[in-house]
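I opened the notebook to look up two things.

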Amino acid sequence: MSRPIEAENLTRTFGNLVAVNSINLTVEEGEVFGFLGPNGAGKSTAVRMLTTLLKPTGGAARVAGFDVASEASMVRKKIGVALQDAAIDPLMTGNELLRLQAVLHGISRHEGKQRCAELLERVGLTAAGDKRVGTYSGGMRRRLDLALSLVHQPKVLFLDEPTTGLDPTSRVALWEEVRTLNKEIGTTVFLTTQYLEEADQLAQRIAIIDNGRIVREGTPTKLKSDVGAPTLRVDVAESDFETAKQVMTKLGEERPARKGRIAIGLDGGTRAITSVLKSLEDQDIEVQHVELDEPSLDDVFADATGRRLEGGSDT
Amino acid sequence: MTTASTRNTSQLHVTVAITKRGLMRMRRLPSLMIPSIIMPIFFVVAFSGSFSSVVELDGYSTDKAVNWMAAWAILQGSAFSGLGGGGLTATDLENGFFDRMRAAPITPSALISGLVGYSVTRAVLPTTAVLIVSFAALDADMPGGLLGFIVAYLTAIGIAAVMSLFVLGIVFTMKTLKSLAIAQVVMFSTMFLSVGQAPLEAIQGWLYHVAKYNPITHVIRMGRQGFLGDVTWAETQPGFISLALLLIGSSLWARACYQKVDI
């Protein structure tokens, strides 16, 4: 059986501009796949091609087993899409929008009514269902947008920057909903985001896109470990400093640290912490403070592109 | 949670749902409709009074200016109503709602038909408003009787459908509300370069030739005939054929332009 999403050399140009440059990716059944990159990297263009809204100018992609160019209608039956900015008609109520979406997906009036009620309850909008969407907060709009994309119980769900512009509480609530969908229903989720934390929190695998090209792909753990081992920083009493340093540098490569602190790279990953602490204890060295600094996805992005995704400073 | 059954989307249901959505928006935002009702009423009142003696010229075939102007106002109101589907689409394209509909398994024809359905339904309102004002306040006649009313309504609906399809093509191409301004200029130029305002006998120079060969001329004659005399097949046929050709042409235009939405 084919994978939910497969793209091979997928390309989209606009005149001389290459928005998406020959990307290859596969997303496995039941996976939350994060597509991470800065504004203008090509995330939305890629999503628009995968959701049949934009024709590729090169390469091919299959979603839910169907070709996005030649079998667009079949793809549309199998996918749910929540695009950027929660495109919702402010004059309609949440209920009306859900009912319209049900009709667009060929769901009968009776079934549609039942589905809409369930979905409104699921996203916590039952009380607001008959209010016009123009009165909704940003978080409520996003939740409704999510509900709209689920009306026909899609096999693959595309979420294009679903939390952009949301306050932290609404963002976390939406993450929770995505996790639930993925765990309880097994929906495959393709999520684009420019937020490192979002990708780290939600995605089982991540592709980092920059200037239309995928520059890294893998699990968050693997991507981070590829950048370098985590750094363990330990504070000890001044009298124990030299001994502690000797013990620790036997277990990992010494790294720069401020005065009075010892830092080493944990080549064995975070599991090696225990052996470092045990070795220090064996030497009767009292550890005053321990800090573990793992490489972040921003470090991964910087390693791949020479730029920082957060903060915008060059490395 | 229930399981949504997999079935083919009924394109007729989609068309009806999109039409209903447009009408619902119109009900909630009356400012969308007021200009297309007020404008033709103003037109028939003002021009029937100001040009009351114009019917003494050859070609008007009536002794009441309101009979001439009412049909013209109805068709202008209908053409203006044709902008409705285009306006809704331009708004949807700008805010992304159109992509939501395109991402569903519906055919372009169902989507376009729904938008045309909205425009056509809108056209009934100015037509009815002009008829009420013309007959209740301006002493209009309908020598063509009930058939005259029916032909007037059908012509109004036809004009609204043609203009709606034409405007949709422009909106699909430009993908912005600004496209409506261009659409209006082209639309009303086409309407005015016909026998809407004056009969061919009263038009001179290049305007005469343009009006003579403008298919809208035949359509307006068809819609107006009941106000001037009996409804005849001789007057209906050219209008009917012109309207049919315009509908086919504008449908093909809208359908071809739809392909440009994803560019």
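Is W253(B) buried, partly exposed or exposed? I find W253(B) partly exposed, because its relative accessible area is 34% (buried is under 20%, exposed over 50%, partly exposed in between; 1.4 Å probe, protein chains only).

This is a predicted model: local features need pLDDT of at least 70, side-chain atom pairs count only at pLDDT 80 or more, and totals for chains, interfaces and linings use all residues. Residues are numbered from 1 along each chain as its sequence is written, chains are lettered from A in the order in which they are written, and side-chain values use heavy atoms, without hydrogens and water.

**Aromatic rings**

F43(B) and W72(B) pair edge-to-face, at 6.2 Å centre to centre and 70 degrees between the planes. Both F43(B) and W72(B) are buried. F166(B) and W253(B) are stacked, at 6.4 Å and 25 degrees. One aromatic cluster holds F43(B), F47(B), F51(B), W72(B) and F192(B).

**Chain contact**

I then turned to the interface. Chain B gives 30 residues to the contact and chain A gives 37 (heavy atoms within 4.5 Å). I noted five salt bridges between chain B and chain A (a side-chain nitrogen of Lys or Arg within 4 Å of a carboxyl oxygen of Asp or Glu). One salt bridge joins D89(A) and R21(B), at 2.7 Å from N to O.

Methods. Rings of Phe, Tyr and Trp (its six-membered ring) pair if their centres lie within 6.5 Å; planes under 30 degrees apart count as stacked, over 60 as edge-to-face and the rest as tilted.
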